[in-house]
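Trainee: I would like to learn how to read strands and helices in a model such as this one. Could we go through it together, step by step?

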Amino acid sequence: MPVDLKALKPLLARVRATPPGKTADGWMAAACPGASAADRQVIAAALAELPKPAFSRDASRIPALQKILKKDKLAAFLVPRADEHQGEYLVARAERLQWLTGFTGSAGFAIILPKEAALFVDGRYTLQAPAETDASVVTCRHFKKPPAIEWLAARVKTGDRIGFDPRITPVREAERWREALGKAGAALVALDINPIDAIWSGQPGDPYSAIHAQPLKFAGEASGDKRARIGQEIAARGAQAAVLNQLDSIAWLLNVRGGDTPATPLVQSFLILAADGHATWFVDQAKFTPGLAAHLGNGVTVRPLEAFAEGLQEWSGQAVTIEPETATAWIADRLTAAGATLIHGQDPSVLPKARKNRVELAGTRRAHIRDGAAMARFLHWVDREAVGQGELAVMAKLEEIRGADALHRGASFTTIAGAGSNGAIVHYRSSPATERKVEKGTFLLVDSGAQYLDGTTDITRTIAVGGVPKRLKEHYTLVLKGHIAVATARFPKGTGGIAIDGFARRALWQAGLDFDHGTGHGVGVYLGVHEGPARISPLSQVPLEPGMILSNEPGFYETGSHGIRLENLIVVTESTKPGFLEFETITFCPFDRRAIVAGLLTAAERQWLDAYHARTRSLLEGRLTGADRAWLKRMTAPL
């Protein structure tokens, strides 16, 4: 029977709004598993004719939104970069902040008033945000100078109504805004419809990608065992159920992976887990691949996404636990309206997910060794051929080399390739309009990562292209000293990341220098490259625990000149000293010894670096051949 393209058209529009996967037709495993090769060609051709979601900057959008505010008698509207699941990576239809302002960063918050608009960003984006937005309609501000809440509270007056979307705003965030605005005499108003959606012509639909089971050989623990364990935690809180809206929590708990979001293998869904371990999963079952229902088993009831509101109402009269920092105000309001009692607490799967089991750690170690070999091939290519090429070509080459791995499933985030002064833009995103060519005498900063079926990687190397000035080498060495200080840290159990963060900065501080971002973030296993709850930062007091994977990435950035960041992933492990913990480095790739001022390193630092390079050589050389292996030996020689 020929393919019915008319019937497939709505689904194809959803596929077009889905991030590209490892294979262009991977979604067909769920949509039409029996399609012939000829059918697949016809479907692929029809898909290619559909337009991709567009986010080109348009200065008319903010004024259009301001007209709606005036019509609805709103003094302001809050626009976070967020969706219903509070994840870092959003589906295309939820990229409202980008569509409205042009800002493409991973964190931002806009406040739109009838006659002005402000975009708040952190230190990573203070250069990027003004370059991407139109100053005639929006002003870019640092998120602490002053904080957005204080900025708006100073502008409202008694009786003002401030609109927000409760579906994408966490409970605690809504409470903070309500309290601050209330003191100023204004009211926070939950809107039934996001006004941006009303003016977004051609807003993409929900994504469509196949959902697969994550095999036990990679997950290390069966979903049923996880659900029973988490159910006990729910019961210990005095609750009958927990509502999970964070997609990585759901993917980890059910041992499933998808492709609805960029860079992270997640599935758009919600889940209610009962204290007895039974789960109700609200998801588009049309995405299931053969065998997935059997993988879920009788302990998981599958219902349509559209039934989520109804599912919340069914917990009337019972106690339900939610995490107020991530569960949305809409979820809380629906539960409260149904007569449920809310128990606030952390998402009960977050800490168990962060404490990686033995199988997960073994898998991610293997993934990092393969990734290290790919990085060695890439860095050798940079030395041979990158000069004169643009940043986009550098990014493409790295993806090509990594893509040869059979377990590779794409990038874990968009590669940051910053040549020369672009390296000073902390979360720079190269484009045809912004890219620079790689030039001798400069640094090339490459921050990248990959998703593999057995692990998630994240690594940054700063490369000296040709001979670089001594001042740049000194900066590089100070950053390296901070990296080594973290890698070799030993600390008492119960220590939070806030205590480790200063290790990374001490050498820079001694020189009167610093960097405006955290030193490390949590990392998942074939999940999010940024994972809570632990971090290494001036703010995080979450205790570090054995099995947690974190990044170690101090840096230094001089606007208009250069940027340096040196990143490995580390695992929290038990120390040989009772009551203490330390770190195991699991990323293996040479640091650029040509950029190091050896005299600035202590004997202990040199010893660590030589040992690290020797370990790197022993793990990677068997995976390299010819000139690549010779390059590795040169770059890992004792300092």
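Trainee: How many bridges join E15 to strand E18, and in which direction do the two run?

Mentor: Strands count as paired when at least two bridges are found between them. In this predicted model, two bridges join E15 to E18 (residues 450-452), and the two strands run antiparallel.

Trainee: In what order do the three strands of the open sheet lie, and which are the edge strands?

Mentor: The order is E15-E18-E19, with antiparallel pairing. Strand E15 (408-411) and strand E19 (455-456) are the edge strands, since each of them pairs on one side only.

Trainee: Turning to helices, which residues of H3 are buried, and which are exposed?

Mentor: The general idea is that an α-helix has 3.6 residues a turn, so residues three or four places apart point the same way. In H3, the buried residues are Asp39, Ile43, Ala46 and Leu47; they cover an arc of only 100 degrees around the axis, which puts them on the same side of H3. Ala37, Gln41 and Ala48, on the other side of H3, are exposed.

Trainee: What covers the buried residues of H3?

Mentor: The cover includes helix H1 (5-16) and helix H2 (28-31).

Trainee: What span should the 12 residues of helix H3 have?

Mentor: At 1.5 Å a residue, helix H3 (residues 37-48) should span 16 Å, and its end C-alpha atoms are 17 Å apart, which agrees.

Notes: Residues numbered from 1 in each chain as written. Predicted model: local features only at pLDDT ≥ 70, side-chain atom pairs only at ≥ 80, totals over all residues. Heavy atoms only, no water. Helix = DSSP H or I, 4+ residues; strand = E, 2+ residues; numbered from the N terminus. Expected span 1.5 Å × (residues − 1). Buried < 20%, exposed > 50% of the residue type's maximum accessible area, 1.4 Å probe, protein only. Arc of directions from axis to C-beta. Contact = heavy atoms within 4.5 Å.
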